[in-house]
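Welcome! Take a moment to look over the sequence and the 3D view, and then let us walk through a few helix contacts and a ligand site together.

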Amino acid sequence: MLSKTVCRLGAAAAMVVTAAFGVSTASAADISVLEKHPGKSLWENAGCMNCHKWHGMGGSGYGGTPINFREGTLTQDQLEEVIACGRPGTAMPLHRKDAYQGYDCYGGLTKEELGEDMPSKGRQMLNGRQISYLADWVIKAFQERPEVTKEDCSLFFGASKMCTRLQVDQLMRAGGGGH
Ligand code: HEC
């Protein structure tokens with residue numbers, strides 16, 4: 001599997017995140033940790049939320065099988081590689097400007113080898129540090145929080161009536177304002 005390839009650069013970047021945050025527990029992240037997480041604004045502004053939605057469970061609005069991050073099992077390194085390199089042959093875009101052209105993707109795949117399967121460019125190009133924040137965000141906000149709650153909704157929409165009045169399942173059906 002392409003996505004299982006270990007990314008050496010990613011491992012180094014992951015250590016930076018741990019050091020910067022001092023977060024090491026495997027238990028579900030406290031919502032206050034997520035409020036201050038630098039991955040949150042990247043998630044909102046780098047285009048991720050348009051396709052994956054605020055709740056990370058995907059949905060309509062992008063041309064691929066919805067991948068539910070709350071059931072995800074990818075490691076920090078694997079997540080970083082997908083975010084940096086995109087996923088060939090799918091709508092998941094790349095986010096490193098040197099991906100496939102100096103930056104190693106999936107064991108050295110090149111643009112020429114990929115041809116039409118070459119991922120398109122994301123809305124915003126990101127550096128290694130931003131990518132490691134996003135991978136950490138995916139783990140803490142979604143993988144470690146299998147149940148989506150109103151608190152998760154409030155992270156993005158504050159005390160909005162949308163979060164207090166509606167049932168979370170309705171929010172998700174409505175697309176959750178991810179567009
Ligand atoms: C244009 C829509 C689109 C955008 C924008 C987008 N993604 Fe994706 N993403 C996808 C699709 C579609 C897949 C599923 C690909 C597949 O079928 O394997 C995916 C897959 C992923 C995966 C792999 C999940 C897994 O468990 O296999 C990660 C991680 C990911 N995206 C993170 C991000 C992040 C972080 C951003 C923002 C920087 C982002 N995506 C932006 C469409 C998008």
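Is the crossing of H5 and H7 left-handed or right-handed? In this predicted model, the crossing of H5 and H7 is right-handed. On the H5 side, the contact is made by Gln76, Leu79, Glu80, Ile83 and Ala84. H7 contributes residues including Ile131, Leu134, Val138 and Ile139. By class, the contact of H5 with H7 has 8 nonpolar, 3 polar and 2 charged residues.

| Helix pair | Residues | Axis distance | Angle |
|---|---|---|---|
| H3 and H7 | 38-45 and 128-143 | within 8 Å | roughly 95 degrees |
| H5 and H7 | 76-85 and 128-143 | 9 Å | about 120 degrees |

Angles from 65 to 115 degrees count as roughly perpendicular, so H3 and H7 are roughly perpendicular to each other. H5 and H7 are therefore oblique to each other.

Where H3 meets H7, Pro38, Gly39, Lys40, Leu42 and Trp43 of H3 face partners in H7, among them Tyr133, Trp137 and Phe142. This contact of H3 with H7 has 8 nonpolar, 2 polar and 1 charged residues.

Now for the ligand. It is surrounded by 20 residues, and the closest are Cys48, Cys51, His52, Arg87 and Met92. Helix H4 (48-52) and H5 each supply at least two residues of this shell. Of the shell residues, 14 are nonpolar, 5 are polar and 1 is charged. A polar side-chain atom of His52 lies 2.8 Å from a nitrogen atom of the ligand, while one of Arg87 lies 2.7 Å from an oxygen atom of the ligand.

Note on methods. Residues are numbered from 1 along each chain as its sequence is written. This is a predicted model: local features need pLDDT of at least 70, side-chain atom pairs count only at pLDDT 80 or more; totals for chains, interfaces and linings use all residues. Side-chain values use heavy atoms; hydrogens and water are left out. Axes are lines fitted to C-alpha atoms, for helices over the stretch in contact, and angles run from 0 to 180 degrees between N-to-C directions. Helices (H or I, at least four residues) and strands (E, at least two) are DSSP runs, numbered from the N terminus. Angles under 35 degrees count as roughly parallel, over 145 as roughly antiparallel, 65 to 115 as roughly perpendicular and the rest as oblique. Contact means heavy atoms within 4.5 Å. Ala, Val, Leu, Ile, Met, Phe, Trp, Tyr, Cys and Pro count as nonpolar, Asp, Glu, Lys and Arg as charged, and the others, Gly among them, as polar. A crossing is left-handed if the near helix is turned anticlockwise from the far one by less than a right angle, and right-handed if clockwise. A residue is near a molecule or strand if one of its heavy atoms lies within 4 Å of it. A polar contact is a pair of N or O atoms within 3.5 Å; within protein, one must be able to donate a hydrogen and the other to accept it, and residues adjacent in sequence count only if both atoms are side-chain atoms.
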